[in-house]
Amino acid sequence: QVQLVESGGGLVQPGGSLRLSCTASGSIFSITSMDWYRQAPGKQRDWVAGITNRGTTNYAGSVKGRFTISRDNAKTTFYLQMNSLKPEDTAVYYCKVFAAANAYWGQGTQVTVSS
């Protein structure tokens, strides 16, 4: 079992930056990969970025070059650094990990980009 707690969401102006955090507890040593998703009102939940246990990163085309996914040294906290934010980035952001062949989700954190 893995529990995920997210933080870092909020209101930011276009062009600004935010950093989301996702802290894992429980069977953390079984985690093999971590991903960020987002869901805007009335839309499906879309994949944003991912990082494997080996550190390989991938990004959705809509955020490539603006967002960066990373981990701390202990691999218990994952981050999404969001720069050059646009209004279309407004969504609830969710972190997800794979651990022991199961998927675990964070509670979600609201990101609003508005002037």
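**A pocket, an open sheet and a buried cysteine**

Strand β5 provides the largest share of the lining of the largest pocket, namely 3 residues, where strands are DSSP runs of E with at least two residues, numbered from the N terminus. The model is a predicted one, in which local features need pLDDT of at least 70 and side-chain atom pairs count only at pLDDT 80 or more, while totals for chains, interfaces and linings use all residues. Residues are numbered from 1 along each chain as its sequence is written, and side-chain values use heavy atoms, with hydrogens and water left out.

The pocket itself is an open set of points on a 1 Å grid over the protein atoms alone, with protein on both sides within 12 Å along at least five of seven lines, and its lining residues have an atom within 4 Å of a point. Its volume is about 210 Å³, a volume being the space filled by probe spheres (1.4 Å probe) set on the grid points, which are joined across faces, edges and corners. Of the 16 lining residues, Arg 38, Lys 43, Asp 46, Ser 62 and Glu 88 lie nearest the centre of the pocket. Both β4 (31-39) and β5 (45-52) supply at least two residues each to this lining, which divides into 5 nonpolar, 4 polar and 7 charged residues, with Asp, Glu, Lys and Arg counted as charged, Ala, Val, Leu, Ile, Met, Phe, Trp, Tyr, Cys and Pro as nonpolar, and the others, Gly among them, as polar.

The protein chain as a whole has 0 helices and 11 strands. Its radius of gyration, taken over C-alpha atoms, is 13 Å, close to the 13 Å that the globule rule gives for 115 residues, so the chain is as compact as a globular protein of that length; the rule is 2.2 Å times the number of residues to the power 0.38.

An open sheet is formed by 4 strands in the order β1-β3-β8-β7, with antiparallel pairing, two strands being paired if DSSP finds at least two bridges between them. Because β1 (2-7) and β7 (67-71) stand at the edges with a single partner strand each, one side of each is left without a neighbour in the sheet. β1 pairs with β3 (residues 18-26) over 6 bridges, and Val 5 stands opposite Thr 23 in β3.

Cys 95 lies in strand β9 (residues 91-99) and counts as buried because its relative accessibility is 0%, buried meaning under 20% relative accessible area with a 1.4 Å probe and protein chains only. Buried residues make up 43% of the 115 residues in the chain.

Notes: Buried < 20%, exposed > 50% of the residue type's maximum accessible area, 1.4 Å probe, protein only.
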